[in-house]
Amino acid sequence: MALVATGLTKPRSLQFDSAGNLLVVQAGSGIVNLALQDNGGTCLSVKSRKNVVQNGGVSIPILRILPWPS
Amino acid sequence: MNTEDHTTRTLLLSQKANATLLISRGSTSNVDLAAETLSSGHSQIKAFDLNNITQSGYDFNKDGLLMGWGLRNSVGVAEHPVTGGIYSVENSVDQIMRQGKDAHQNNPGEEMNFHGYLNGTAYGPQGSNYGYPYCFAAWVPADLPDNANLTVGSNFAMGDQNSTINDTYCAEQTAPRLTFQAHMAPLDMKFNNSGTEAWVTFHGSW
C-alpha cells in the first residue's frame, strides 16, 4: 500500500479526470485537483494542487454519469 | 429509509451487470443492535435491478440482492473494472472495549471487504455476515485481552464473550480482505482502468 497524498481535510469522494488528475472532495471546503507525478513502480506523489471549487460549510458530492446500459 | 446517524447512502451503478444499482446503508449509531436482524436493513449492501422497479419503488429492507450484512458503515463501494468483483471499505466501531479493557486506541482496524460478483459468478460468502455489531477486525492484537489466536484482520468479539457471541462465532463471520489502521475512516474507493490499483480516501479519525 502506498501513500500518495497527505494534508487533505476531511477527504471523501475521489475521481480521476480525463487528464489523469485526481479530484478529491474535502467536506466543508470544496474540491481539490491533484496533479500526480509518476516516480516509477507504485511510487506516486502530488506534483501540484489547485482548488477546483472552494466552498466552506457545504459538502459537495462528486457525481459521475456512467454510460447506461453499459 | 430514515436514520439519525450515518445518514449518507452510497450508490454505485454496475458497469458489468446491466441496470444494476448497488446501495450501501450504514448503522444508526456506533453500536446499532438492530443490525443484528437482517430485516432491519441496517448495515447492509444490496443490489437492485433498475429494469424491474415496481410503481411504488423498492423496499430496501425486503427487496434486492444481499451483497453483505453486518457492515457497520461501508461508505466506499467499488467494482473491479476487469473482474467485476464488488469491494467495499468499512468504517468500524468507536470506543471499543474487550473484557473490561479499553482497546479503542488501536482497534478495531478499518476494513476492505469483498462481496463477489453481479454477473452470476458464484461466490460462496456473497451475502454473508461481516461481523457487526459484535465482531470486529483486529489491528493491534497485542492490545486486546485474550489475543493468542488473533492476528491482524482476525475477527474478534467486542465486550465480554459469552456462549453465543465469542471469538469462535466471530471467526465464522466473513473476515476483511485488507485491514487498515484503526479510525482511518475510508470513505471512497476507486480502481484504475486496468484494475491493478485501488485508490482509497481516508478521512482520518473523527
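Rings of Phe, Tyr and Trp (its six-membered ring) count as a pair if their centres lie within 6.5 Å, and in this predicted model the count by that rule comes to 9 aromatic pairs over all chains.

Begin by selecting B:F48 and B:F60, whose ring centres are 5.8 Å apart with planes at 40 degrees, so the pair is tilted. Because B:F48 belongs to strand β3 of chain B while B:F60 sits in the loop between β3 and β4 (65–69), the pair ties together parts that are 12 residues apart in sequence. Both B:F48 and B:F60 are buried.

B:K46 is in strand β3 (residues 44–49) of chain B, and although buried it has no salt bridge, the nearest side chain of opposite charge being B:D59 at 6.9 Å. Turn next to B:D63, whose backbone oxygen lies 2.7 Å from a polar atom of the B:K46 side chain. If you then show the contacts of B:K46 beyond its neighbours within four places in sequence, you will find B:L21, B:L22 and B:I23 among them, as well as B:L65, B:L66 and B:M67.

For the next stop, select B:Y87 and B:F114, both of which are buried. Their ring centres are 4.8 Å apart and their planes are at 50 degrees, so this pair is also tilted. The pair links distant parts of the chain, with B:Y87 in strand β6 (residues 86–90) and B:F114 in strand β9 (residues 110–114), 27 residues apart.

How values were computed
Residues numbered from 1 in each chain as written. Chains lettered and ligands numbered in written order. Predicted model: local features only at pLDDT ≥ 70, side-chain atom pairs only at ≥ 80, totals over all residues. Heavy atoms only, no water. Helix = DSSP H or I, 4+ residues; strand = E, 2+ residues; numbered from the N terminus. Buried < 20%, exposed > 50% of the residue type's maximum accessible area, 1.4 Å probe, protein only. Lys, Arg positive; Asp, Glu negative; His and termini not counted. Salt bridge = Lys/Arg side-chain N within 4 Å of Asp/Glu carboxyl O. Polar contact = N/O pair within 3.5 Å; in protein donor to acceptor, adjacent residues only side chain to side chain. Contact = heavy atoms within 4.5 Å. Phe/Tyr/Trp six-rings, centres within 6.5 Å; stacked < 30°, edge-to-face > 60°.
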